[in-house]
Each structure stands twice: as structure tokens, then as C-alpha cells.
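Visitor: I'd like a close look at one part of this protein, please. Could you pick the sheet and its surroundings and walk me through them?

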Amino acid sequence: LLDWLVLSVERPSVPLRHFCATVTVGIVVQPSQWYADEGVPALRGTNVKPERLDLTDLVYLSREGHEAHAKSALRTGDVVVVRTGQSGAASVVPEALDGSNAIDLLLVRPNPILRGDYLAMVLNAPVTRELSSQQVVGTIQGHLNVSALRALPIRVPALDEQDRLIRQWRSRASKIDALIAKAERFIELSKERRAALITAAVTGQIDVQASA
């Protein structure tokens, strides 16, 4: 799969814009003036991770603010791409966030011939992230702009091939995630054991000099 992703970028066929209904940007001018304690969810760069959304720090827009920025309203299947900071990271908008909005994110609405999951997979591939990073502008905090994303070369196979690659990617990713979870649990247990040993030594339950 990785070899195919490298090939798809090294030998591109068509710029991304030809496979998308729209490529635009979310709210960039004083978005905080529209913040509300409750209302319409709005995704930001901190919420978008490669292939997933982290909603622990989600903000909300007032209904007025949302309606004033209807062009950045999200639909199920749209792809949101980080514009500033970890630029290039991409994830698909799930059904639960249909009708939400976006702040300082690049928004891609694929045509029917392009699966959002496939696009996110390709955009998150290291070779694509490296290619998009070359288009980042700004000396202090770089931005990936709309024109650069629209011009990004991408190879789009038939829908059945996209579906096959998505299934293959998810299968491999789930195995990797399981290994990561196992390693994280081992680290957590090791930290707990270390803390227990320190406590035992401080309280005199272990003779440190004898152990040495």
C-alpha cells in the first residue's frame, strides 16, 4: 500500500481541484466573536488529526455566526485539512458533524468519483505531507493555502479500487493501533511499578543499601 501511495504522488495524473466540487477555507477573520457556550460545533486545527477527529476541545458558534459563514458549513464526507501548524493533516467529516462549521481549516468537498476516506488516506501519507509542506508559506507560522491544495497532484483510481485500498489501509492501521495500545499499556504499568518501588523505598519497606 505504501509503495502505491508513493507511486501515486511521484507519478500524478491530475491536480486535486479536478476531483472536487469545492476547495475553500473556514472562518479566518476573528472567529472568536461568534463563539457561544452552545450552538453549532466548529472544528479547528487542534481537532483534526490524521484519519481522526479529536473533539475534546470543541468550540461552538452562535446560530448567527454559523449563518454568516454558510460557505464553510460542513457536510458528511467532506475532508477537513489543517491549514496552520500541523499543516496537511486530514480527516473526514462524520455524519455526527453534518451541518457543523470550521475555523481556519481547508475544506474539500469531493466529487462523486472521489471517496473522502480515500482522499484523507492519500493526504495523510508521509510522501504527500512532504509534498504539501513544500507549499507552506509564512516564516513564523506556516500556512497551507487553498491554491496549493487545489494544485496538489493526486491519482484517483476507479471507485472499487479506492474502496479496496481503504479496506486494506484500515486493516493494517487497526493492527498498528492495537500494537500501540499494547505498548502504551506496558509503559503505564512500568510507571506504576516504578512509583510503587519509590514509595516502598521512601517508607522503608525496601532496604535500598541492602538491595545495592
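Guide: Here is a walk through an open sheet, a loop residue beside it in the story, and then the wider setting.

This is a predicted model, where local features need pLDDT of at least 70, side-chain atom pairs count only at pLDDT 80 or more, and totals for chains, interfaces and linings use all residues. Residues are numbered from 1 along each chain as its sequence is written, and side-chain values use heavy atoms, with hydrogens and water left out.

Let's start with the sheet. Four strands make up an open sheet in the order E3-E7-E4-E10, and the pairing is mixed. Strands (E, at least two residues) and helices (H or I, at least four) are DSSP runs numbered from the N terminus, and two strands pair if DSSP finds at least two bridges between them. The edges belong to strand E3 (35-36) and strand E10 (101-102); each has a single partner strand, so one side of each is left without a neighbour in the sheet. For E10, look at strand E4 (residues 40-43): E4 and E10 run parallel, paired over two bridges. Across that pairing, Leu43 sits opposite Ala102 in E10.

Now for Asp104. Its side chain makes a polar contact of 3.3 Å with the side chain of Thr84. A polar contact here is a pair of N or O atoms within 3.5 Å; within protein, one must be able to donate a hydrogen and the other to accept it, and residues adjacent in sequence count only if both atoms are side-chain atoms. You'll find Thr84 in the loop between strand E8 (79-82) and strand E9 (90-92). Thr84 counts as buried because its relative accessibility is 16%, where buried means under 20% relative accessible area, exposed over 50%, and partly exposed in between (1.4 Å probe, protein chains only).

Another loop residue worth a look is Arg115, between strand E11 (105-110) and helix H3 (116-124). Arg115 is partly exposed, at 31% relative accessible area. Leaving aside neighbours within four places in sequence, Arg115 touches Leu159, Gln162, Asp163 and Ile166; contact means heavy atoms within 4.5 Å.

Zooming out, the protein has seven helices and 12 strands, and buried residues make up 37% of its 212 residues. Of the contacts with a separation of 6 or more, 76% come from residues 24 or more positions apart.
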